[in-house]
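Hi,

Here is the structure you asked for. Please open it first, then read my notes below.

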Amino acid sequence: MAKATSGGGAGDSHEQGGAGRVAEGSPVPGSNGGAEGIELPGWSKALGWCGVAGLIYLLVCAVSIISRGFAELGGDAAHTMFAFAAHPWVGLCVGILGTVLIQSSTTTTAIAVTAVGSGALPIEGAIPVILGANVGTTVTTSLVALTFVGDRAEFRRALGASTVHDFYNWLSLLIFFPIELIWHPLERISGSLTDALYGTDWLPNPAHFNFVRAVTGPVERGVVHGTSQVSSALGPLFTIVIGALLILVAVRYLGKLLKLLMVGRARDVLIKAVGRNAYLAMASGMGVTVVTQSSTITTSVLVPFAGSGILTPAQIYPVVVGSNLGTTFTVVFAAFAGVGQDARIGLQAAFVHLVYNLFAIVVIYVIPLLRPVPLLCAERLARVASEHRWVLAVYLGTVFITVPALVIVLVGVL
């Protein structure tokens with residue numbers, strides 16, 4: 001308990017708490033007594049870092065490929081579910097399950113905005129969908145953690161790092177969803193911001209500077225084109241499978257390379273950059289997510305570092321919090337560039353997402369009382385799941401699929 005509290009704090013205590021965890025369960029990179037402690041010659045390091053860059057690129061491509069496959073497979077289903085989203089609890093579950101199907105909280109939010117603009121859904125009905133989408137977007141990171149399932153210690157570290165995002169978002173939802181149902185602060189604040197800023201047209205459209213999409217697009221389109229040629233009906237499923245296999249390959253060899261390369265000064269630089277000051281780590285997570293326009297990419301790339309014992313879940317935690325906020329800016333930028341009858345509603349929905357995540361940071365992370373809770377929950381789940389692998393399947397299947405689907409059917413349909 002004490003470890004988690006110190007690891008979740010800011011400043012030097014955060015670094016010390018995180019560093020203490022690295023020794024748990026595996027040799028520390030750079031220590032004696034393992035291959036990962038061997039200092040490589042310069043040319044080997046150069047080749048190794050080129051390999052790391054290539055594998056990270058492959059991992060980012062794989063995440064994009066899976067998202068594309070889910071979008072083609074689940075887009076119609078998500079649109080159909082929105083017909084039942086007027087009830088707040090159903091809207092919440094539509095946001096969760098729809099985002100799990102589409103693997104894009106931005107897309108789920110965009111569908112909700114379109115439904116509001118067409119008059120099919122009131123803005124107060126779109127807010128639970130947006131809050132649910134904030135939770136549903138975390139599933140892909142758990143898929144990355146599953147690639148470490150063969151090694152109990154690595155799996156525990158990777159799962160702790162990946163599910164801290166889950167529990168942070170669940171805690172945010174637990175706090176703010178009831179408050180929104182009773183007093184509607186998100187609707188009122190977002191409405192005021194929209195009235196003040198709508199029509200200013202001073203922010204750029206993020207579609208014009210999506211560098212990651214430009215770089216990974218050829219690989220993604222190539223895979224989608226290839227799978228569609230094999231089978232037009234099963235193409236999306238083949239796309240998802242290929243993306244999952246690419247994640248498996250990328251993470252497997254990325255972990256091995258990082259253990260060899262992250263010794264001495266390289267490891268110290270990374271830990272100082274991420275673990276010395278929690279708020280700088282949060283800012284870096286936000287900045288990277290604004291550039292990549294995907295919190296899933298930001299968090300997925302960090303999981304292999306945790307599985308390899310280079311970074312701890314406590315050090316990754318503030319980066320995850322920052323990425324959660326960073327993903328809202330993409331929607332805000334796009335909303336400012338919007339035109340047409342639903343442009344104002346789109347901007348208000350974007351502000352709902354932004355204000356919600358700002359409030360969550362203040363209440364959960366800035367105030368020390370609740371800060372350790374997501375980390376403690378993530379590490380408890382990781383500890384149990386590393387001993388009993390089926391626990392993770394039950395957790396993911398229950399909270400992200402079964403419960404939301406039952407609520408939609410029982411409350412929205414029957």
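The protein chain has 18 helices and 0 strands. Both are DSSP runs numbered from the N terminus: helices are H or I with at least four residues, strands are E with at least two. This is a predicted model: local features need pLDDT of at least 70, side-chain atom pairs count only at pLDDT 80 or more, and totals for chains, interfaces and linings use all residues. Residues are numbered from 1 along each chain as its sequence is written, and side-chain values use heavy atoms, without hydrogens and water.

Now the inside. Of the 414 residues in the protein chain, 52% count as buried. Buried means under 20% relative accessible area, with a 1.4 Å probe and protein chains only.

Contacts come next. A contact means heavy atoms within 4.5 Å. Take the contacts between residues at least 6 apart in sequence: 82% of them join residues at least 24 apart.

The largest nonpolar core has 78 residues. Such a core is a set of buried Ala, Val, Leu, Ile, Met, Phe, Trp, Tyr and Cys residues joined through side-chain atoms within 4.5 Å. Helix α16 (residues 343-366) gives the most to this core, with 12 residues. L131, I247 and Y317 have the most contacts inside the core. Beyond its neighbours within four places in sequence, L131 touches L92, L173, F177, L186, V352 and Y356. A second, separate core has 11 residues, including A85 and V90.

L261 is buried, at 4% relative accessible area. V52 is 209 residues from L261 in sequence, yet their C-alpha atoms are 9.3 Å apart in space.

Best wishes

Conventions
Buried means under 20% relative accessible area, exposed over 50%, partly exposed in between (1.4 Å probe, protein chains only).
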